[in-house]
Amino acid sequence: MMLHNRVRRFSAILAASAVFALSSPASSQDVTDGHLKAARAAVAAIHATDPFDNILPQAAAALQQQLIQKNPDMQELIGRTVSEKALALASRRADLEKEAAMAYAKVFSEKELTEIAAFYNSDSGKKLLDSGPAVTRDLLKAADIWQNGVARDLAQQVGETLAAAAKATAPNAAAPAAGTEPEAPKN
C-alpha cells in the first residue's frame with residue numbers, strides 16, 4: 001500500500017511537471033489573491049504536498065528514539081515532550097501549502113490552475129491519480145523489454161553487416177564463426 005501511494009504521488013508530480021513544461025511562467029508580482037486561491041485548489045487537487053506528510057512525524061520519532069537512547073531513564077518525559085512539541089509545530093504545515101501554492105502560481109496562470117484543479121477533481125482526474133502509478137509501472141516494464149529487444153536486434157544486425165563486410169574484403173580469410181556478432185549492451 002505504501003508503494004502504491006508513493007507511485008501515485010510520483011505520477012501526480014510527474015503529470016504536474018509535464019504541465020509545467022508546457023506552460024508560460026507568471027512573475028511573482030502577477031500573483032493576485034484569486035490566482036493564489038486557484039493555485040491552492042490545484043495543489044490540493046493533485047495532492048502535491050502529500051509526499052511531505054510524514055516529515056514531522058518521522059523527525060519526531062527519530063528525535064525521540066535518539067533522546068531515549070541517550071537518556072533511557074527519561075523515556076516517559078521524552079515521549080510526552082516530543083509529542084507535545086511536534087503537535088505544536090503541526091500548524092506550520094500551512095506554510096508548506098502556501099509555498100507550494102506560490103510555486104504553482106509563479107508558473108501557471110490563474111486560468112490554468114483552475115483548469116488543473118477542475119480536471120484533477122473530475123472522475124477522470126481522480127482515476128489518473130489513482131491508476132497512474134499502475135500504468136507507469138506497466139509502461140516502465142514495457143520500456144525495459146523494448147529497450148532490451150532493440151539493443152539485441154541492433155547488435156545482431158550490426159554483427160551481421162560487419163561479418164558480411166569482413167567476408168567481402170577478405171575472401172581468402174576464414175569466415176567468422178556463426179553467432180559471433182557483438183553482444184547487446186546489458187542494463
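Reader: Which residues in α2 meet which residues in α5?

Author: Please keep in mind that the model is predicted. On the α2 side, the residues are His 35, Leu 36, Ala 39, Arg 40, Val 43 and Ile 46. They meet Glu 97, Lys 98, Ala 100, Ala 101, Met 102, Tyr 104 and Ala 105 in α5. The residues of this contact divide into nine nonpolar, one polar and three charged.

Reader: At what angle do helix α2 and helix α5 pack, and how far apart are their axes?

Author: In general, two packed helices are described by the angle between their axes and the distance between the axes. Here, helix α2 (residues 33–46) and helix α5 (residues 93–107) pack at about 110 degrees, and their axes are 8 Å apart. Because angles from 65 to 115 degrees count as roughly perpendicular, α2 is roughly perpendicular to α5.

Reader: Is His 47 buried, partly exposed or exposed?

Author: The class follows from the relative accessible area: under 20% is buried and over 50% is exposed, with partly exposed in between. His 47 has 29% relative accessibility, so it counts as partly exposed.

Reader: How many salt bridges does the count come to?

Author: A salt bridge needs a side-chain nitrogen of Lys or Arg within 4 Å of a carboxyl oxygen of Asp or Glu. By this rule the count comes to six. One of them joins Glu 76 to Arg 80, with the closest N and O atoms 3.1 Å apart. Both residues lie in helix α4 (residues 75–89), four residues apart, about one turn of the helix. Glu 76 is exposed at 63% relative accessible area, whereas Arg 80 is partly exposed at 48%.

Reader: What can be said of Asp 153 and its partner?

Author: Asp 153 forms a salt bridge with Arg 152, the closest N and O atoms being 3.1 Å apart. Asp 153 is partly exposed at 31%, and Arg 152 is partly exposed at 49%. Elsewhere, salt bridges that share partners join Asp 53, Arg 93 and Glu 97 into one network.

How values were computed. Residues numbered from 1 in each chain as written. Predicted model: local features only at pLDDT ≥ 70, side-chain atom pairs only at ≥ 80, totals over all residues. Heavy atoms only, no water. Axes fitted to C-alpha atoms, helices over the stretch in contact; angles between N-to-C directions. Helix = DSSP H or I, 4+ residues; strand = E, 2+ residues; numbered from the N terminus. Parallel < 35°, antiparallel > 145°, perpendicular 65-115°, else oblique. Contact = heavy atoms within 4.5 Å. Nonpolar A, V, L, I, M, F, W, Y, C, P; charged D, E, K, R; others polar. Buried < 20%, exposed > 50% of the residue type's maximum accessible area, 1.4 Å probe, protein only.
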